[in-house]
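Please read them alongside the coordinates.

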Amino acid sequence: MNPLNTLHRRVFTDFMQLCEEAEKDTSIKLFYDDSNIDQFDVGISGLEDTPYIGGLYVFRFNMNNDYPFNPPSVEFISRSKRMRIHPNFYDNNGKVCLSILGTWPGPSWTSGMTLHTIVITIQSLFSKDSITNEPGFETSSQSLINKYNNAIIVMKHNYMFKCI
């Protein structure tokens, strides 16, 4: 059996699972070219009761030849020049800090994880107290959380206004 065919079959299977989940979950959008699923974009809508509601945050997935033994690379592409919209996503280089991607300490990727695992994990970071994900801010006061959330709301609206 050709190991490359096995890897492509796994990429295809996981990609199709992600497509099915995106059809059921309106907060997840997929953008891809049918002829090349080795690179695709995932849009994640901000959830209710968070400062991210109403925004669409896009991540570019690049599959590698050793998937599923290693995670794909994921880049945050909805960047703002003014402010980091989330402590785990870097505007200057698109880095996504997430332990399962190997870009942050913590539980690491396993071959039993899927593309959907990554999307759900990223989606869970868009919380109403995301500033507490920043090292040194884990025990932030509600006042600081509110200031950060208000800054996100203003920045999100400014960004959306420029896109119109």
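The points below go from the overall fold to one histidine and then to the largest pocket.

1. The model is a predicted one, and its chain holds three helices and four strands, which follow one another from the N terminus in the order α-β-β-β-β-α-α.

2. Among contacts between residues at least 6 apart in sequence, 48% join residues that are at least 24 apart.

3. H86 deserves a separate look, and its place is in the loop between β4 (73–76) and α2 (115–125). H86 counts as buried because its relative accessible area is 0%, under the 20% cut-off for that class.

4. The side chain of H86 has polar atoms placed close to backbone atoms of two residues: one lies 2.9 Å from the backbone nitrogen of N88, and the backbone oxygen of L125 lies 2.8 Å from a polar atom of this side chain. Leaving aside residues up to four places away in sequence, H86 touches Y52, L125, F126, S130, N133 and Y148.

5. The largest pocket contains about 200 Å³ of space, and its lining is made up of 14 residues, with N88, C97, W104, N133 and P135 lying nearest the centre. Sorted by class, this lining comprises seven nonpolar, four polar and three charged residues.

Definitions and conventions: Residues numbered from 1 in each chain as written. Predicted model: local features only at pLDDT ≥ 70, side-chain atom pairs only at ≥ 80, totals over all residues. Heavy atoms only, no water. 1 Å grid on protein atoms, 1.4 Å probe; cavity = no way out; pocket = protein on both sides within 12 Å on 5 of 7 lines; lining within 4 Å. Points joined across faces, edges and corners; volume = space filled by probe spheres on them. Nonpolar A, V, L, I, M, F, W, Y, C, P; charged D, E, K, R; others polar. Helix = DSSP H or I, 4+ residues; strand = E, 2+ residues; numbered from the N terminus. Contact = heavy atoms within 4.5 Å. Buried < 20%, exposed > 50% of the residue type's maximum accessible area, 1.4 Å probe, protein only. Polar contact = N/O pair within 3.5 Å; in protein donor to acceptor, adjacent residues only side chain to side chain.
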